[in-house]
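Morning, everyone. Please have a look at the model on the screen, and then I'll walk you through it.

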Amino acid sequence: MKNIKIAPSMLCADFIHLGRDLDIFAERGIEYLHIDIMDGHYVPNFTLGPDYCRALSAYSSIPLDVHLMIEPVDFFIPRFAAFPDTLITFHPEAVYHPLRSLQLIRDQGARAGIAIDPATPLGTVRHLLPYIEVLCIMTVNPGYSGQALIPGMIDKIREASAYCRESGYDILIEADGNVSWENIPLMLEAGADILVAGTSSLYDKKMTLEENITRLRTMCGHA
Ligand code: DX5
Ligand code: ZN
């Protein structure tokens, strides 16, 4: 059984009770804090920034999974690479030279990944795969929580997982967007390794955060 990792979408967190939620995440062994950085330019929304990451990193030892939905990318990489154990994913669609951007992330001591838009074919990022640890498959259009899964994205997860396995790449496939109770089994069966859990599962208001974490862990085959 794969060790499926849960990455709460901090965009969807309870901002008023953030410390309480982070304590629960730490108690439950949550593996990453997924932080959606949006600049109102690359995506039509404006969200979290380096100071928010700094506050999280100062309070919690859970590694940050920083999802840069920004343009430009390179200029801001050092700001986000400053936090220990940080994974930084960016959209190659937003840069001219993605291999340079990946090298910059690694030179700054962070872990490197890419996140691809639903419309971006896997084939266009094939030459980046040897240089990444995480491939984030956007299953909704980047920019907002609360959206519905785009049909075909489960097959894209499956295609990415199979291609990486057959190519011998040790890459974690991350599913980001509408990771719902209904979609999770499909995403796991297709090969997702990391689930960005947001409004349609982890923060499902019908149950408590602890109950939702237990339900997620059970669905992922954990005790
Ligand atoms: C899209 C965002 C969302 C968010 C999760 O740009 O990245 O995927 O993290 O939100 P839900 O779970 O509501 O899709
Ligand atoms: Zn994200």
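Predicted model: local features only at pLDDT ≥ 70, side-chain atom pairs only at ≥ 80, totals over all residues.

Residues are numbered from 1 along each chain as written, chains are lettered from A and ligands numbered from 1 in written order, and side-chain values use heavy atoms, without hydrogens or water.

Metal first. What coordinates the zinc ion (ligand 2)? His-34 (NE2), Asp-36 (OD), His-67 (ND1) and Asp-176 (OD) do, at 2.0 to 2.1 Å. Donors here are N, O and S atoms within 2.8 Å of the metal (3.2 Å for Na, K and Ca); water is not among the atoms, so sites may look incomplete. Along the chain, the spacing is H-x1-D-x30-H-x108-D. His-67 sits in strand S3 (residues 64-69) and Asp-176 in strand S7 (residues 172-176), so this pair ties together parts 109 residues apart in sequence. Helices (H or I, at least four residues) and strands (E, at least two) are DSSP runs, numbered from the N terminus. His-67 and Asp-176 are both buried. Buried means under 20% relative accessible area, exposed over 50%, partly exposed in between (1.4 Å probe, protein chains only).

Now helix H2, residues 50-59. Its buried residues are Pro-50, Tyr-52, Cys-53, Leu-56 and Ser-57. They span an arc of only 155° around the axis, so they lie on the same side of H2. The arc is taken from the directions from the helix axis to the C-beta atoms. Asp-51 and Ala-58 are exposed, on the face turned away from the buried side. The cover over the buried residues includes H1, strand S2 (33-38), S3 and helix H3 (77-81). Contact means heavy atoms within 4.5 Å.

Helix H7, residues 209-219, has its own buried set: Leu-209, Asn-212, Ile-213, Leu-216 and Arg-217. Their arc is only 135°, which puts them on the same side of H7. Strand S1 (5-8), helix H1 (18-27), helix H6 (183-190) and strand S8 (194-197) are among the elements covering them. After H7 comes Gly-221, with a positive phi near 85°.

Last, the rings. Arg-215 lies over the face of Trp-181, 4.0 Å from the ring centre. The rule for a charge over a ring: NZ of Lys or CZ of Arg within 6 Å of the ring centre and within 35 degrees of the ring normal.
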